[in-house]
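Thanks for coming. I have one structure to go through today, and I will keep to what can be computed from its atoms. Please look at the sequence and the model first.

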Amino acid sequence: MPPGTGPIVFERWIRGLLVLHALGAAALVGAATHQLLWCRGYLRGQYAACERERGMARVSAALYVLTFVLGAALYPTYKVRVRAAWFDVPLPAGDLGWVGRLFDIKEHWMALGAAAALALVWLGRSAHPARWPASARLYVGLSLVVCATTWTGAIIGLVVASYRAVGAVGGGP
């Protein structure tokens, strides 16, 4: 523990939370990808996978919320133990500030994706393309945003963790 810092909320469970966060993110990537693949036929007026797709949109939104909550539980430890100690200070091995900034970009993209996931569930209930074909472009577009932000967040999360993860002990970046 760096001098002058005491225990941080949830730090005792940080590794377990990180694993759950990673598993939630992996499930979210799969759910968002399946949902996009199942709804792409809507642009051609094909609704064969309608019920599965709508269910997967709900699963994606739920996984977004779960993954967000787990990430929020990890954030205080990341901010103090990783970002402040490794990414916001020049190190002999080189400046890793860009890694912390990349994490910030990921957080903004994930917020956009979460909003899109919730909007997709709302649109699926109120104006699903199977009932309102004019909404197909908006619906598939939102699905694409959810899928793209999910993949982007997962990849950036892996890159950041490859430099320094919460709970890492000893050694350099």
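Let me start with a detail: is E107 buried, partly exposed or exposed? E107 is partly exposed, with a relative accessible area of 32%. On this scale, buried is under 20% relative accessible area, exposed is over 50%, and partly exposed is in between, using a 1.4 Å probe and protein chains only.

Before going on, the ground rules. This is a predicted model, in which local features need pLDDT of at least 70 and side-chain atom pairs count only at pLDDT 80 or more, while totals for chains, interfaces and linings use all residues. Residues are numbered from 1 along each chain as its sequence is written, and side-chain values use heavy atoms, with hydrogens and water left out.

Now the overall picture. Along the principal axes, the C-alpha atoms fill a box of roughly 60 × 30 × 20 Å. Of the 173 residues, 40% are buried. Among contacts with a separation of 6 or more, 75% are between residues 24 or more positions apart; contact here means heavy atoms within 4.5 Å.

The chain exposes about 9500 Å², and carbon and sulfur atoms supply 71% of that. These areas come from the Shrake-Rupley method with a 1.4 Å probe, and for residues only the protein chains shown count as cover. V65, F68, V69 and L118 make a nonpolar surface patch of about 410 Å². A patch takes residues with over 30% relative accessible area and no salt bridge, and nonpolar side chains (Val, Leu, Ile, Met, Phe, Trp, Tyr) are joined within 5 Å. Helix 2, residues 50-87, gives the most to this patch, with three residues. L118 is found in helix 3, residues 97-126.

Next, the charges. Side chains of opposite charge can pair when their charged atoms come close. The structure holds four salt bridges, each being a side-chain nitrogen of Lys or Arg within 4 Å of a carboxyl oxygen of Asp or Glu.

Take E11 and R81, which form a salt bridge with the closest N and O atoms 2.6 Å apart. This pair links distant parts of the chain: E11 is in the segment before helix 1 (14-39) and R81 is in helix 2, 70 residues apart. R81 counts as buried, at 13% relative accessibility.

What does D104 pair with? The side chain of D104 meets that of R83 in a salt bridge, at 2.7 Å from N to O. D104 lies in helix 3 and R83 in helix 2, so the pair ties together parts that are 21 residues apart in sequence. D104 is partly exposed, at 26% relative accessible area, whereas R83 is buried, at 8%.

Back to E107. Its side chain meets that of K106 in a salt bridge, again given as N to O, at 2.7 Å. K106 counts as buried, at 9% relative accessibility. Elsewhere, salt bridges that share partners join R83, D88 and D104 into one network.

To finish, which residues does R83 touch? Not counting residues up to four places away in sequence, R83 touches Y78, D88, G100, R101 and D104.

Terms used: Patches are made of residues with over 30% relative accessible area and no salt bridge: like charges are joined within 9 Å, nonpolar side chains (Val, Leu, Ile, Met, Phe, Trp, Tyr) within 5 Å. Helices (H or I, at least four residues) and strands (E, at least two) are DSSP runs, numbered from the N terminus.
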